[in-house]
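Let us take a walk through one protein model. Keep the sequence and the picture side by side as you read.

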Amino acid sequence: TSDARPARVGIIGCGDVTSLYLPGTARFENIELAACADLDPAKAAALAERGGFPAVPVETLLADPSIEIALVLTPPVAHAAISRAAIAAGKHVYSEKPLATTRADAAAILGDARSAGVRVGAAPDTFLGGGLRTARELIDDGAIGTPLVATASVAHLGPESWHPNPAIFYGVGGGPLLDLGPYYVTALVA
């Protein structure tokens with residue numbers, strides 16, 4: 001998008017994680033939340049009211065040429081299909097983690113994006129935070145020598161203690177590997 005106007009973003013999937021994205025995206029003048037869509041019209045209507053943008057069917061959002069970026073916040077099992085549909089509609093995609101629930105689906109998303117000339121990004125972006133950037137800078141500066149091995153671990157009591165709808169973590173595309181793993185794998189790769 002040009003510097004004269006913000007990029008228009010359409011949210012696909014209006015569940016619990018949107019409570020993080022509304023205030024987060026409000027900090028950036030270079031993006032505008034333009035619309036939202038969900039298979040559950042009531043969820044889309046509630047988010048639209050909170051966000052100040054219209055709720056539309058998914059097909060309408062994808063067909064809107066003014067929307068340049070699809071923000072995919074569906075349950076993980078739907079990420080690949082929605083991302084590929086958005087790419088086919090000529091939109092850039094930013095997806096909540098994981099990008100896809102299988103390596104084949106992730107490769108298809110990236111291949112489609114390459115062919116369409118659009119960009120794909122996915123959470124987590126935590127590797128851009130101060131702590132991990134400082135660690136990377138120290139490694140790059142040779143402060144610890146040449147790293148030979150890296151490890152990460154997490155202890156977690158389960159989402160029932162904090163998530164308003166924990167069932168999503170126990171279906172296809174859920175579980176600790178796909179929900180928590182991306183944070184640690186991304187940090188280690190970065």
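Helices here are DSSP runs of H or I with at least four residues, and they are numbered from the N terminus. Keep in mind that this is a predicted model.

Begin with the second largest pocket. About 410 Å³ of space lies in it. Its lining counts 16 residues, and those closest to the centre are L132, R136, I139, A187 and A190.

Helix 6 gives the most, with 7 residues. Now sort the lining by class. It has 12 nonpolar residues, 1 polar residue and 3 charged residues.

Stay with helix 8, which covers residues 181-189. T186 sits in this helix. Is T186 buried, partly exposed or exposed? T186 counts as partly exposed because its relative accessibility is 23%, and buried would mean under 20%.

Look at what surrounds T186. Neighbours within four places in sequence are left aside here, and T186 then contacts P124 and F127. A polar atom of the T186 side chain also lies 2.6 Å from the backbone oxygen of P182. For a sense of scale, turn to G90. T186 and G90 are 96 residues apart along the chain, and 27 Å separates their C-alpha atoms.

Next, find strand 4, residues 92-95. In a regular strand the side chains alternate between the two faces of the sheet.

Strand 4 has a partner. Strand 3, residues 69-72, pairs with strand 4 in the parallel sense, over 4 bridges. Within this pairing, I69 stands opposite H92 of strand 4.

Finish on S95, which belongs to strand 4. Why does S95 count as buried? Its relative accessibility is 0%, and the cut-off for buried is under 20%. What does S95 touch, once neighbours within four places in sequence are left aside? Its contacts are V72, H79, S83, G121, A122 and A123.

Key:
Residues are numbered from 1 along each chain as its sequence is written. This is a predicted model: local features need pLDDT of at least 70, side-chain atom pairs count only at pLDDT 80 or more; totals for chains, interfaces and linings use all residues. Side-chain values use heavy atoms; hydrogens and water are left out. Helices (H or I, at least four residues) and strands (E, at least two) are DSSP runs, numbered from the N terminus. Buried means under 20% relative accessible area, exposed over 50%, partly exposed in between (1.4 Å probe, protein chains only). Contact means heavy atoms within 4.5 Å. A polar contact is a pair of N or O atoms within 3.5 Å; within protein, one must be able to donate a hydrogen and the other to accept it, and residues adjacent in sequence count only if both atoms are side-chain atoms. On a 1 Å grid over the protein atoms alone, a cavity is a set of points where a 1.4 Å probe fits but cannot get out, and a pocket is an open set with protein on both sides within 12 Å along at least five of seven lines; lining residues have an atom within 4 Å of a point. Grid points are joined across faces, edges and corners, and a volume is the space filled by probe spheres set on the points. Ala, Val, Leu, Ile, Met, Phe, Trp, Tyr, Cys and Pro count as nonpolar, Asp, Glu, Lys and Arg as charged, and the others, Gly among them, as polar. Two strands pair if DSSP finds at least two bridges between them.
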